[in-house]
Amino acid sequence: MSTVELRGFGWRHAGRRSWAVRGLDLRVEHGERVLLLGPSGSGKSTLLAALAGLLAEDSGEQEGTVEIDGLEPRKARERVGIVFQDPESQLVMARSGDDVAFGLENRGTPVDEIWPRVDRALRRVGFRYDRDRPTAALSGGEQQRLALAGALALHPGLLLLDEPTANLDSDGAALVRAAIRAAGDCDTTLILVEHRVAEALPLVDRVVVLEPGGGVRADGPPERVFTEHGAALAAAGVWVPGHPVPPRHAAGPPGELLLAAEAAGLAPRLDPTDLSVREGEALAVLGPNGAGKSTLALLLGGLLKPTTGRVTATSTLAGADAAAPPHRWRASALVRRIGSVFQDPEHQFVAGTVADELALGPRRIGQPEPAVQARVDELLARLRLDRLAGANPYTLSGGEARRLSVATALATAPRVLILDEPSFGQDRRTWLELVDLLADLRDEGHAVVAVTHDADFVAAVADRSVRLSGGQR
Amino acid sequence: MITVEPLTTGTHAPLARRNPVAKLAAALVFALALLATLDPVAPAIAIGVELAALPFFGISYRALARRAVPLLLVAAGVLLTLVLFAAERDGAELLRLGPILITTGVLYTALGLALRVLGVALPGVIVFATTDPTDLADALVQNARVPARFAIGALAAFRLVPLLSQEWQSISMARRARGVDVGRDPVAKLRLFASTAFGLLVVAIRRGTRLATAMDARGFDSDRPRTFARRQHFGPADAALIVGAALLAAAALGVSILLGTFRPLIG
């Protein structure tokens, strides 16, 4: 068990003007289980990195002190375990057991103790396979369980979890939460960062809310924090249980058919699927990880050629081009009709500044420069990006990058907008803006297709849902 | 696509079971010896030895043929290029096709080089086809005193390689979704390739940095001496494999010298 003590702590990353965290006074006692909240940009991840001793001295500027059991975190590394968001980039070894053993080897654990400890850690997280199971063959939820086992095998006094379920579907997330709960009946202090508060509450006994400008905004048992500050926290972008989002469904029936998938599939990723996309309708595509939802989005988006069946555009959408399937269209013709927003916004960035990024599409389709500028300014204002017009897209925060990737797809005014996990990992404020924006577009007559495993998002905006059932991975 | 994934796992073939470092060393000794000569005889013998050794590594000829397709293409390319473009055209004339004169000398050199490519590369193909990358990294650290920071770090990076081809596909599709594509203009194609490659580099560096952070969080950068969960033993049979490889390579060169075909690389 470990104690955490922060006094006036602040950290500014090298080369940044503003502080990621500042003026933080916080004490976490032995065995406490803390949920750390705050709107995006309040420095939660930076704080966890500081506690894990992962902020190198030369990578920024520090104010105040951080202590773990009275030690500076870089000297207390052996007392701290951390699990990150992305399973792909935290598993080291090819076999599951070897991965758990990795940390023990690094710490110089005697060989005869390693495998018993590996087995114990795997049991504690409810890992269902043997030690030789290839890590690449695990689902996202199982991979995160394994990452948790890798941290627990080291017997950390302090366990830090940085949005461990953010990349997972609801089944995978439940698996990981069960593992966190099961691992909890031991003497570990826990600090958890999680966007979706309702699911995380059973795991914790204390909630700490960070203030974006610096310091702590609220601190105490969950019920008290949410009773006293719930409304204000929700307004600031924190997901607070019991503050439902007003749904925005279509006022009228959907309009004409724009795009249709007829038994369209891509072996082995997607079984043949039928789907129709109509103007004025928001359609949600649901299903477990591995069912081929993203693949379906790519087929509809004219970015992949189906191996079976076909995707066809109607003449309402494509005029004379409707004779050819969307994947055969030139890119400049495609972006005027179908816009695609990828799960990882960074994949889509090609320009050096936010403004150039928005101007790219309109220029590509040959719009005159004054029209391009007008469109860029309109989108910057509409998606609250105007202050970032000159920023490099790769330096944006998660929420900003998501808004920009949606804005780039809107820049060429496509009738169909296809989004892959648009609400994933967003704070409440960005999330609400997205719902409003997509509902507005739908009401203007666009067709919106969202691949998602966010049930709240579906409840808030979808007029119709389609569930894909495949998926063995 | 060139792949180095093992073909056989948990094999009990006598040579596949040898210590990975011993296999690697044997392959290196064997291949380096071949580099000493330019004649076709020594590499031809070496290829014969390699093919004869295949069953002892538990690899079927069919599996090797599939794996060696890129290698065969390279060898064929070498052969063709030299036959067409070699500067020295000595020896007896065999065939004249317009401006191309094929002589025994040209054919001899070309065959020598093509066989060398095969003879030198095959041992590597065999070793990687029968070696689990984790075992290789373990053995390099434990038996060859390679720093763990390097061997295990490379192993972890190696695991990210398959992800890169997925990322490349994603980035390419994302560009198209942004309205970026090129027709037949080769310059525009090259520029798109460069910008996609840059995007991939950014993504790869970010992912690599995250992985490195996660590894350090589990003490990879600690000063403590590491322990080894998986032992790799280097025994007499492993030493014998290296010695055997050296002897067979010497024999191949010896035959070539006796036949008078030996052409040293230097001198």
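## Where chain A meets chain B

In this predicted model, 51 residues of chain A are in contact with 37 residues of chain B. On the chain A side, the elements that each give two or more residues are α2 (96-106), α3 (111-124), α10 (331-337) and α11 (354-364), and α2(A) gives the most, with seven residues. Sorted by class, the side of chain A that touches chain B has 25 nonpolar, 15 polar and 11 charged residues.

## The antiparallel sheet of three strands

One open sheet of chain A has three strands in the order β11-β10-β13, with antiparallel pairing. Because β11 (270-278) and β13 (308-313) of chain A each have a single partner strand, they stand at the edges, and one side of each is left without a neighbour in the sheet. From one strand to the next, the twist averages 10°.

Strand β10 (residues 257-266) of chain A is joined to β11(A) by six bridges, and the two run antiparallel; within this pairing, Ala261(A) has Leu275(A) of β11(A) as its bridge partner. Helix α8 (residues 293-300) of chain A lies across β10, β11 and β13 of chain A, and runs at about 130° to β10(A).

## The parallel sheet of five strands

A further open sheet of chain A has five strands in the order β14-β15-β16-β12-β17, with parallel pairing. Here the edges are taken by β14 (338-341) and β17 (464-467) of chain A, each with a single partner strand, so one side of each is left without a neighbour in the sheet. The twist in this sheet averages 15° from one strand to the next.

Four bridges pair strand β12 (residues 282-286) of chain A with strand β16 (residues 447-451) of chain A in the parallel sense, and the bridge partner of Val285(A) in β16(A) is Val451(A). Helix α13 (residues 398-410) of chain A packs on the sheet by touching β14 and β15 of chain A, its direction making about 165° with that of β14(A). Helix α14(A) also packs on the sheet, where it touches β12, β15 and β16 of chain A, and its direction makes about 145° with that of β16(A).

## The setting of Pro422(A)

Pro422(A) lies in the loop between β15 (416-420) and α14 (428-443) of chain A, and it counts as buried because it has 28 C-beta neighbours inside 10 Å, where 20 or more are required. Apart from its neighbours within four places in sequence, Pro422(A) is in contact with Val341(A), Val406(A), Leu434(A) and Ala450(A). Pro422(A) and Ser465(A) are 43 residues apart in sequence, and their C-alpha atoms are 16 Å apart in space.

Terms used
Residues numbered from 1 in each chain as written. Chains lettered and ligands numbered in written order. Predicted model: local features only at pLDDT ≥ 70, side-chain atom pairs only at ≥ 80, totals over all residues. Contact = placed C-beta atoms within 7 Å. Nonpolar A, V, L, I, M, F, W, Y, C, P; charged D, E, K, R; others polar. Buried ≥ 20, exposed ≤ 12 C-beta atoms within 10 Å, placed from the backbone. Pairing = 2+ DSSP bridges. Axes fitted to C-alpha atoms, helices over the stretch in contact; angles between N-to-C directions.
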